[in-house]
Amino acid sequence: MIGIVGAGNMAGALARGWGEPVLATDGGSGRARMLVDEIGGESLGTDNAELFRRSDTIILGHKPYQLEQVADHVDGAGKTVISVLGATTLQQLQEAYPDSTVIRAMPNTPVAVRQGVTVIAQGGESAVELFERVGAVFVLPESQLEVATAAMGVTPAFVALIVEATVDAAVRSGLKADLASEIFLKAVAGSAELLLARGGDTLAVRREVTSPGGSTARGLAALERNGVRVAFDDAMSAVIGR
Ligand SMILES: NC(=O)c1ccc[n+]([C@@H]2O[C@H](COP(=O)([O-])OP(=O)(O)OC[C@H]3O[C@@H](n4cnc5c(N)ncnc54)[C@H](OP(=O)(O)O)[C@@H]3O)[C@@H](O)[C@H]2O)c1
């Protein structure tokens, strides 16, 4: 069984996507119990040592600053330790778990519905199959992980914000919120599929729906006037920490 150290948002999303029983711990909140009540398996409370004893593959889903604190109390010898910790390098992981195979993976929360994106640092190829069960996987040099993660890790939050703003506007113009939300979300998912099918050619897709002098052209111009590109550029810079 896979062992989940820290059954929080990210590791919980992974476990829900895999949909198989797991061993799980938390810091005392009871979230491990809630997770296994949902998908099966066993909560080991806060006993990470027991979790390492009983699992061959362990997902680290606690906060990055807890790396040493957790590693100091477990025996990782011969285990595969997969970290989803933000900003924690392979070198730091290997130092914390010198006798384990360590893998650095960064998934995003849509893994919970098997539509996630996971970037894995080179060297972690053995974990590709596991993460492909919950979405798309890209293996990249570790130096590119931070930027790739920024791009896909924030997507659920950014899309949620765009949906909220659009639904609010549709409500002001007379549509019911739940209907507006359903219509717009389907449109977002379909637009992403169309863009994928067109090889990511954003300009071609945009031109197709933008008639000269038409309403889409007016809407796009309004977005540009309000600095949409600058806003996204600033947002990505903030996420990457530049
Ligand atoms: N959220 C994302 O989209 C995302 C994406 C990629 C990577 N990550 C990474 O995932 C990690 C967790 O983030 P999150 O958003 O999932 O945070 P979170 O919801 O706070 O989850 C952290 C979990 O770790 C548990 N924990 C704390 N101390 C522990 C200990 N000593 N032993 C075992 N479990 C312990 C917490 O327990 P309690 O429930 O008791 O507090 C909590 O369940 C971070 O390193 C983050 O960088 C997050």
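The following legends describe close-up views of a predicted model.

The model is predicted, and local features were required to have pLDDT of at least 70, side-chain atom pairs counting only at pLDDT 80 or more, while totals for chains, interfaces and linings use all residues. Residues are numbered from 1 along each chain as its sequence is written, and side-chain values use heavy atoms, with hydrogens and water left out.

**View 1. Overall architecture of the chain.**
The chain contains twelve helices and eight strands; helices (H or I, at least four residues) and strands (E, at least two) are DSSP runs numbered from the N terminus. The C-alpha trace spans about 65 × 40 × 30 Å along its principal axes. Of the 242 residues, 35% count as buried. Buried here denotes under 20% relative accessible area, exposed over 50%, and partly exposed the range in between, with a 1.4 Å probe and protein chains only.

**View 2. The largest pocket and its lining.**
The largest pocket holds about 2400 Å³ of space. Its lining comprises 41 residues, of which V159, I162, V188, S191 and L195 lie nearest the centre. Two or more lining residues come from each of β7 (116-121), β8 (135-140), α7 (145-153), α8, α9, α10 (202-208), α11 (215-225) and α12 (228-240). Helix α9 gives the most, with eleven residues. A pocket is an open set of points, on a 1 Å grid over the protein atoms alone, where a 1.4 Å probe fits and protein lies on both sides within 12 Å along at least five of seven lines; lining residues have an atom within 4 Å of a point. Grid points are joined across faces, edges and corners, and the volume is the space filled by probe spheres set on the points.

Helix α8 (residues 155-172) has 18 residues, which at 1.5 Å a residue should span 26 Å, and its end C-alpha atoms are 26 Å apart, in agreement. The expected span is 1.5 Å times one less than the number of residues. Just after α8, G174 adopts a positive phi of about 110 degrees. On the surface, L175, L179 and I183 form a nonpolar patch with about 250 Å² of accessible area together. L179 belongs to helix α9 (residues 177-197) and counts as partly exposed because its relative accessibility is 41%. Patches are made of residues with over 30% relative accessible area and no salt bridge, nonpolar side chains (Val, Leu, Ile, Met, Phe, Trp, Tyr) being joined within 5 Å and like charges within 9 Å. Areas were computed by the Shrake-Rupley method with a 1.4 Å probe, and for residues only the protein chains shown count as cover.

R54 lies in helix α3 (residues 48-54) and E42 in strand β3 (residues 41-43), so the pair ties together parts twelve residues apart in sequence. R54 is partly exposed at 39% relative accessibility, and E42 is partly exposed at 33%. A network of salt bridges links E42, E50, R53 and R54.

E146 and R104 meet through their side chains in a salt bridge of 3.3 Å, N to O. Because E146 lies in helix α7 and R104 in strand β6 (residues 101-107), the pair ties together parts 42 residues apart in sequence. E146 is partly exposed, with a relative accessible area of 38%, whereas R104 is buried at 3% relative accessibility. In a further salt bridge, the closest N and O atoms of E208 and R198 are 2.5 Å apart. This pair links distant parts of the chain, with E208 in helix α10 and R198 in the loop between α9 and α10, ten residues apart. R198 counts as partly exposed at 37% relative accessibility.

**View 3. Loop residues with positive phi.**
A87 has a positive phi of about 50 degrees although it is not a glycine. A87 is located in the loop between β5 (80-83) and α5 (90-96) and is exposed, with a relative accessible area of 56%. R114, also not a glycine, has a positive phi of about 60 degrees. R114 occupies the loop between β6 and β7 and is partly exposed, with a relative accessible area of 48%.

Terms used: A salt bridge is a side-chain nitrogen of Lys or Arg within 4 Å of a carboxyl oxygen of Asp or Glu.
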